[in-house]
Amino acid sequence: MPFNNYARRLIAWLGGVTLEHVPRGENKQADALAKLASILAFPDQETHVPICRSWVIPPIFDDEDNGEREVNVVSVLEIETEDWRQPLIDYLQHGKLPDDPHRRADVLVLGFLFVCNLYAMGDCKPGTPTLEGEEDLIAAAQQIVIALETRRNLTSDARKILADLGTQLSSITKLSENKKEDEEVEEEEGLGEIKERLNIVRDKVMNWEVDESMIWDCGSEEAYDYVKAVDEAQKLIETLESLCLDRDGEESELLRRAHDVVHTAMVRLEEEFRHMLVQNRQPFVEPEHVSFRSSEEDVENEGSIISIGEESVEDSVPRDSISRRSLGDFVFDLVHPSVIPDLKCIAKLMFASSYDRECTQAFISVQKDALDDCLFMLEVEKLSIEDVLKMEWGALNSQIRRWIWVMKVFVRVYLASEKRLSDQVFGGFDSCSSICFVEASKSSLLQMLNFGEAIALGPRQPEKLVRILGMYEVLADLIPDIDALYAVEIDSCVRNECQDLLRRLGYCVKATFLEFENLVALNTSTSPFPGGGIHHLTRYVMNYIRTLTDYSETLNLLLKDSGKETSVSFSPDLNPTVEDNSSIRSSFCVSPTALHFRSLISTLLCNLDDKSKLYKEDSLRHLFLMNNIHYMTQKVKDSELRTILGDEWIRKHNWKFQQQAMNYERATWSSILSLLRDEGIHHPGSNSVSRTLLKERMQGFYVAFEEVYKIQTAWLIPDVQLREDLRISTSVKVIQAYRTFVGRHCGNLSDKSIKYSADDLENFLLDLFEGSPRSLHSSHWK
């Protein structure tokens, strides 16, 4: 029912309302109104019926706001006599004033008085139908002043209203003054309480300034009391800052004292923070499964590319290996876990008091020293670039190998542990954790990177290549770990330094390898290699590239853009076949490493061919080339080089050393075996054998054989199997020819003419190529 809803809302608006039921029989006027309303109400229109001299307030609510619409409403209005309140209601509700100037002034006075009463009682609420705020109140007062200026004669009613207005204004003024006095009393009482609390806090803080002991070392209760006192000081500062402070007032003095107390506490907390980090530092324990024993592995390699032997090269290049898996879970507590909550508590207090910079600087300073101590315990020296460039290779080799090992342990164990500690202490303060970690660890990591920078800037010595490859691979493997540790934008400097060093090391590897090939090509000798054995250069180069096979993937990456076609000039015996040439032309199909290895070996063969020309004997020249090519082939066959260079390469170089062996036999024994032929031993014009010529022929053979024996026992074939094979091949040819010749002419030869039996010669051949000269002059003729 609209009337019911209207009544409920009106009761709610009025506030305190008492409802009392009056039976219709005892209220005939209400009964008549109800019946009349029912009779005269029509839908969709409002009916006005003048029936009495009473005034009823019209609707004050806009029912459209809640979706309802009043229907069948009867408004009962006053007629003939106007109610004195209606003009005031019109003014308060709609801002409408009477046309008569005298009545207008009366309405303004009443309205102003009404509003003043509402303000005095504190009942001027947003929903109250009155003047809106002080602006309307001032406007009404100004209207009253104007009305009084134009009207000198006031009615008694107006005077009474103005007198009441003055009384109420006096009451309001007195009420404001009393309220201000009460507030001042309360403020004085509040400052007294703040002062008392501040004195208590100050006493607690200053008591510890006299005591030299550390707070947290005295127990958790003492630490809790101190933290509580500091927290109380911070709250007092917030309270004092919220007051309207006079610069020279007591509040400002209290605020200054509170700040002094907090400052003293912050200095003490910073000291406690440092002490806690240092005293609870966990010892740096080297993991047993990644230990480094330099005394067992360091080998000094000194000398030029020529003077390095096979053993020193092979022993100097074991790869240091620490897998990611072995270190990935070895993050440990840099400080004892029990003090982490205390460190976080101190950090929280200092951050809350805007001493975050002091707190972080204390952490950075302590942990920076801790990481420096860590490098010291790992035996890492602080070396400048100049110091590194001046180091001898033996010492530098040890430093590089230690750097490779330390980088793995330092990044994956110690830096990871440092990152965790920073997160534990400053994890709740935005990017503060990352900033502290970067500033604490940056100098130590840059110290390690500076060493790598010095190596990359150093001379391109061949013996460094394997070590530089090791540094490159370690750093490349650690880049993901470093990117994860220094992930935010403020850490980009460290990441960029690592990437720059990786590029420099890669360039150094490429340049050193190419420089090594140039050194092989330019290596010259002024005298032949003694005994025709395996040249030091051959041993060094082949062991060198065999070692590089462990880094073939890295070399493929670094050498892919540095391929070059080499044009070398070989002797006829070393020239590749047409098939080999076609293989070289299709070398673009092989890996960059294989291409450069082939080029390096070709350069070595060319150099060896030049060295072989220093020999006066052609047979020794061929023996020298046979020894060296066979050594190269065996090194490829027995190592990972076989996978890189391929079986075809091995087959072709097997043919090459076999060809040199045949050339040796031809150069050594062809002229000697020609003495065991029948040509030139017959009488002139006859088929009969001349005993004299035959004897001379046999003596010539023995002299030539003895000369070969004397010379070639000093020659050397280091490989046992190759030596035995060449002996057998020579024995088959020489002994067979000797047996045949002697057997065919035994009737014309006396026992004195046969100096050695076939078995003697065969035994003599077994003495060849041992590297120790012998002589047959002491032997007796049979």
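Author: Helix α23, residues 618-637, packs against helix α25, residues 647-673, at an angle of about 160 degrees, and their axes lie 8 Å apart. Helices (DSSP runs of H or I, at least four residues) and strands (runs of E, at least two) are numbered from the N terminus. An axis is a line fitted to C-alpha atoms, for helices over the stretch in contact, and angles run from 0 to 180 degrees between N-to-C directions. The model is predicted: local features need pLDDT of at least 70 and side-chain atom pairs count only at pLDDT 80 or more, whereas totals for chains, interfaces and linings use all residues. Residues are numbered from 1 along each chain as its sequence is written, and side-chain values use heavy atoms, with hydrogens and water left out.

Given their angle, α23 and α25 are therefore roughly antiparallel to each other (angles under 35 degrees count as roughly parallel, over 145 as roughly antiparallel, 65 to 115 as roughly perpendicular and the rest as oblique). The crossing of α23 and α25 is left-handed, a term used when the near helix is turned anticlockwise from the far one by less than a right angle; clockwise is right-handed. From α23, the contact is made by D618, S619, H622, L623, L625, M626, I629, H630, M632, T633, V636 and K637. Facing them from α25 are W649, I650, H653, N654, K656, F657, Q660, A661, N663, Y664, A667 and T668. Contact means heavy atoms within 4.5 Å. Sorted by class, this contact of α23 with α25 has 12 nonpolar, nine polar and three charged residues. Ala, Val, Leu, Ile, Met, Phe, Trp, Tyr, Cys and Pro count as nonpolar, Asp, Glu, Lys and Arg as charged, and the others, Gly among them, as polar.

With α28 (residues 758-765), α26 (residues 691-712) packs at an angle of about 20 degrees, the axes being 11 Å apart. α26 and α28 are therefore roughly parallel to each other, and their crossing is left-handed. F701, F705 and Y709 of α26 make the contact with L761, F764 and L765 of α28; it has six nonpolar, no polar and no charged residues.

K733 counts as partly exposed, at 42% relative accessibility (buried means under 20% relative accessible area, exposed over 50%, partly exposed in between, with a 1.4 Å probe and protein chains only). Neighbours within four places in sequence aside, K733 is in contact with E665 and L673. L673 is 60 residues from K733 along the chain, and their C-alpha atoms are separated by 8.5 Å.

The wider setting can now be drawn. The protein has 28 helices and two strands, and 42% of its 782 residues count as buried. Among contacts with a separation of 6 or more, 80% join residues 24 or more positions apart. The largest nonpolar core has 173 residues, of which F273, M407, F426 and W669 touch the most other members. A nonpolar core is a set of buried Ala, Val, Leu, Ile, Met, Phe, Trp, Tyr and Cys residues joined through side-chain atoms within 4.5 Å. Helix α15 (residues 393-426) gives the most to this core, with 18 residues.

Sequence neighbours within four places aside, F426 is in contact with residues including F273, A347, F351 and F363. A347, in helix α12 (residues 340-352), is buried, with a relative accessible area of 0%. Its contacts beyond four places in sequence are C359, V425, F426 and F429. The C-alpha atoms of A347 and L269 are separated by 8.8 Å, although these residues are 78 apart along the chain.

Finally, two loop residues deserve mention. Most residues other than glycine have a negative phi. S354, however, has a positive phi of about 65 degrees; S354 lies in the loop between α12 and α13 and counts as exposed, at 60% relative accessibility. E379 likewise has a positive phi, near 65 degrees. E379 is found in the loop between α13 and α14 and is partly exposed, with a relative accessible area of 48%.
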